[in-house]
Amino acid sequence: MKKPKLKLYNTLTKKKEIFKPLKNKLVRFYACGPTVYDYPHIGNLRAYVAEDILRRTLELNGYKVKHVMNITDVGHLTSQADEGEDKVELAARKHKKTAWEIAEFFTKVFLDNLKTLNIKMPHIMPKATEHIKEMIELIKKLEKKGYTYRIDDGIYFDTSKLKDYGKLTGMNFKQLNRYLKAGARVPFNPQKRNITDFALWKFSPKDVKRQMEWPSPWGIGFPGWHIECSAMSMKYLGNTFDLHAGGEDHIPIHHTNEIAQSEAATGKPFVKYWFHVAFLLVNGKKMSKSLGNYYTLQDLLDKGYGWREIRYALMSAHYRQQLNFTLRGLESAKRSVERIIEFMRRLRDYSNGKKHKTFHKILTRYKYKFWKEINNDLNMPKALAVLFEFINKVNKLMDQKKISKGDAKKAIKLMLWFDQILGLKLDEILKEERKLPKEAEELIKLREEARKKKDYKTADKIREELRKKFGIILEDTKDGVRWKWEK
Ligand code: AMP
Ligand code: ZN
């Protein structure tokens, strides 16, 4: 079978491109991780599920992925404009804990959420507070090259010094400045030279004592959120790497600034492909902490939904399409997951039928179709449509006894191959204890009655029916009848 080419949409070029890593088969992949000050909501988790599908797709295509995801435990302020409070310090005051305790607690919650949703763990998860030295080094480099300036509350990056600042947004410097001014919720610090300038290092305030602060050549303080990702990604993946991911809100500020400071410092291109996940919405508005319109993973588990259903609901839309979240949508995800699981059980328990002469062709065709869709910029809605087409087709063949047990085993193998992308742990369904079907239970009872009446002819007929229809073998022992599955 010819392998379909992998194509990904690249925010930097605004085009779908054939994916080709910088070095052979290794993909160096950085995803912006969580700020650990609260429970993630399922909007955040949508981004991580989409990145998981991306990683799984790369691996399915034979690439080895080095996946790095940071933990932001300091420096992310309540306002995007480098104003406001540090989210972790604020949460510490609210919960009467230390900032370190808050970060540790919510990092654990985040990791548990990833595990629950069967999201593959990144290989390296660097914490910002453990990389202050690297961040200071990077700022020193920028200072040496003349990109920085000092104002009352910190050291800033002068964005007007970089000729292609803002290239990720498709806007030029002037347009981007106008765009940020229009969207600004707070008036911007008049000491800043441009509204697009951002803090590399912030000084600790004079009136309040911060819990997380460090000495630096410029004064005691803490790093800006953007410099954290530049310092940590380049430390683990090199000055130029393949792939960088995050939510679509990161395009105009966070990622634009990561590119600016990294490329200014190294003089090299920072990242080849940029991958952005569209928002999860509620009634047309972004799901967010500030609007209070959110569910956490636990909220949905408490309502009785299973992790597979939640994962399915988050991954079934295209990652570049905003997705309106509703409980009704989750109900429909639940039905889809049930159909997949029922199909797995049926294949496992299927016992008879004629060998299909061209079944391998059917398998190859669906494998190719699914692969083609997933390789086409991770088109999950279409890939899932192919999956259900396959399920319907094979269900029909089983109804008509047109495939053998061996064919069913091959169909299971293909389902497990699909599951490398779906991540629904379908192998666990196969390991579940098999229950005796209701009808078989009734037949065993009838046979017992026939035997009691010494009607051996009927008893033998029923025994044969059980074997043929359900693959159940009966053994008469002196303690009564026992049953087992035919091998
Ligand atoms: P944060 O912890 O706020 O830095 O967010 C973690 C990730 O979730 C980032 O990549 C955000 O872009 C993403 N994100 C936040 N809200 C949403 C949403 N409603 N839908 C999808 N992604 C989101
Ligand atoms: Zn980041």
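Predicted model: local features only at pLDDT ≥ 70, side-chain atom pairs only at ≥ 80, totals over all residues.
Biologist: In which sense do strand 1 and strand 2 run?

Modeller: Strands of a sheet pair through backbone hydrogen bonds, either parallel or antiparallel. Strand 1 and strand 2 run antiparallel and are joined by 4 bridges; two strands pair if DSSP finds at least two bridges between them. The bridge partner of Lys7 in strand 2 is Ile18. The hairpin has 4 residues between the strands, and Lys14 in this hairpin takes a positive phi near 60°.

Biologist: Which residues other than glycine have a positive phi elsewhere?

Modeller: Most residues other than glycine have a negative phi. Leu378 has a positive phi near 50°, and Lys454 has one of about 60°. Leu378 is found in the loop between helix 11 (359–375) and helix 12 (380–399), and Lys454 in the loop between helix 15 (438–452) and helix 16 (456–470). Leu378 counts as buried because its relative accessibility is 2%, whereas Lys454, at 61%, counts as exposed.

Biologist: What is the strand order in the open sheet of 3 strands?

Modeller: The order is 12-11-13, with mixed pairing. Strand 12 (285–286) and strand 13 (323–324) stand at the edges with a single partner strand each, so one side of each has no neighbour in the sheet. Strand 11 (residues 280–282) pairs with strand 13 in the parallel sense over 2 bridges, and Leu280 has Leu323 as its bridge partner in strand 13.

Biologist: Which residues are closest to ligand 1?

Modeller: A residue is near a molecule if one of its heavy atoms lies within 4 Å of it. Of the 16 residues that surround ligand 1, the closest are Gly43, Gly247, Asp249, Leu280 and Met287. By class, this shell has 6 nonpolar, 8 polar and 2 charged residues. Here Ala, Val, Leu, Ile, Met, Phe, Trp, Tyr, Cys and Pro count as nonpolar, Asp, Glu, Lys and Arg as charged, and the others, Gly among them, as polar. Helix 1 gives the largest share of the shell, 3 residues.

Biologist: Which polar atoms face ligand 1?

Modeller: A polar contact is a pair of N or O atoms within 3.5 Å. A backbone N or O atom of Met287 lies 2.8 Å from a nitrogen atom of ligand 1. A polar backbone atom of Thr35 is 3.2 Å from an oxygen atom of ligand 1, and a polar side-chain atom of Asn44 also lies 3.2 Å from an oxygen atom of the ligand. Taken alone, ligand 1 exposes 490 Å², of which the protein buries 93%; such areas come from the Shrake-Rupley method with a 1.4 Å probe.

Biologist: Which residues coordinate the zinc ion?

Modeller: Donors are N, O and S atoms within 2.8 Å of the metal (3.2 Å for Na, K and Ca); water is not among the atoms, so sites may look incomplete. Cys32 (SG), Cys229 (SG) and His254 (NE2) coordinate the zinc ion (ligand 2) at 2.0 to 2.2 Å. Cys32 lies in the loop between strand 3 (26–31) and helix 1 and His254 in helix 7 (residues 251–266), so the pair ties together parts that are 222 residues apart in sequence. Both Cys32 and His254 are buried.

Biologist: How many helices and strands does the chain have?

Modeller: The chain has 16 helices and 15 strands. Of its 487 residues, 53% count as buried.

Conventions. Residues numbered from 1 in each chain as written. Chains lettered and ligands numbered in written order. Heavy atoms only, no water. Polar contact = N/O pair within 3.5 Å; in protein donor to acceptor, adjacent residues only side chain to side chain. Buried < 20%, exposed > 50% of the residue type's maximum accessible area, 1.4 Å probe, protein only.
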